[in-house]
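Please look at the sequence and the structure shown below, and keep both at hand while reading the report that follows.

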Amino acid sequence: MNSWQQRFDDRIMRSMGMPLAKLERGEGAWVWDDAGNRYLDFLAGIAVNSLGHAHPVFVEAVATQAGRLAHVSNYFMTEPALELAERITRLAGAGDSGRAWFGNSGAEANEAAFKLARLNNSGGGRTRVLALVDAFHGRTMGSLALTGKAHMRDPFEPLPGGVEHISGDDRGARGIRRRRRRRAHRRTHPGRGRGRRVARWVPRVGA
Ligand SMILES: Cc1ncc(COP(=O)(O)O)c(C=O)c1O
């Protein structure tokens, strides 16, 4: 182990394996590690860093906001939050009834989708949620309940109930049709949650 790996091992919980490198800086789609090696950043923070690294417009926008106001909690509103919600709902074609929900992570987004399905369960009878075998949806308790990977789930059982994992192939599709007759909630991660096979039947998100 080199010295940063040792420091990592000493002080950071092992929720994942050892990081692949210690990165120092980035520029656009390039990143550099602490030994000066340059890499093309295909991972982009696992597909969330679409603006790349250190673009001057991005840096200026973040610095301007940081110089004006930091986090204000959900008891207050700010102009950038309003503008972002308006732009997201417009780009999503959400219509007049569309609303944005802001979270901090993918796991929280899936947690929110799980909760919205429960909230929308017409009188409490439709509590079952279907998720795909092998899919990854995050590591909070709710999103872990949706995650279809036993080695991630098992150490944290019991997880929130009502989730059933089905395969992403035709067997799963037949199961879905059977379950539709029983009026189950259907749920798949918007990006299929890294599940193994691309399902031909991928249903709408939600009920
Ligand atoms: C498919 C998928 N869903 C959910 C998540 C969870 O996102 P986050 O790490 O932002 O909580 C990830 C993260 O890697 C992911 O790849």
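Which residue in E3 is the bridge partner of tryptophan 30? In E3, that partner is leucine 40.

## About the model

This is a predicted model, in which local features need pLDDT of at least 70 and side-chain atom pairs count only at pLDDT 80 or more, while totals for chains, interfaces and linings use all residues. Residues are numbered from 1 along each chain as its sequence is written.

## Strands and hairpins

Helices (H or I, at least four residues) and strands (E, at least two) are DSSP runs, numbered from the N terminus, and two strands pair if DSSP finds at least two bridges between them. Strand E1 (residues 23-27) runs antiparallel to strand E2 (residues 30-33), and four bridges join them; glutamate 27 has tryptophan 30 of E2 as its bridge partner. Two residues lie between the strands of this hairpin, where glycine 28 takes a positive phi near 60 degrees.

E2 also pairs with strand E3 (residues 38-40), in the antiparallel sense and over three bridges. Four residues separate E2 and E3 in their hairpin, and glycine 36 in the turn has a positive phi of about 85 degrees.

## Helix H5

In H5, the buried residues (20 or more other C-beta atoms within 10 Å of their own, with C-beta atoms placed from the backbone; exposed means 12 or fewer, and partly exposed in between) are Gly106, Ala107, Asn110, Glu111, Ala113, Phe114 and Ala117. They cover an arc (of the directions from the helix axis to the C-beta atoms) of only 160 degrees around the axis, which puts them on the same side of H5. The face turned away from that buried side carries the exposed residues Lys115 and Leu119.
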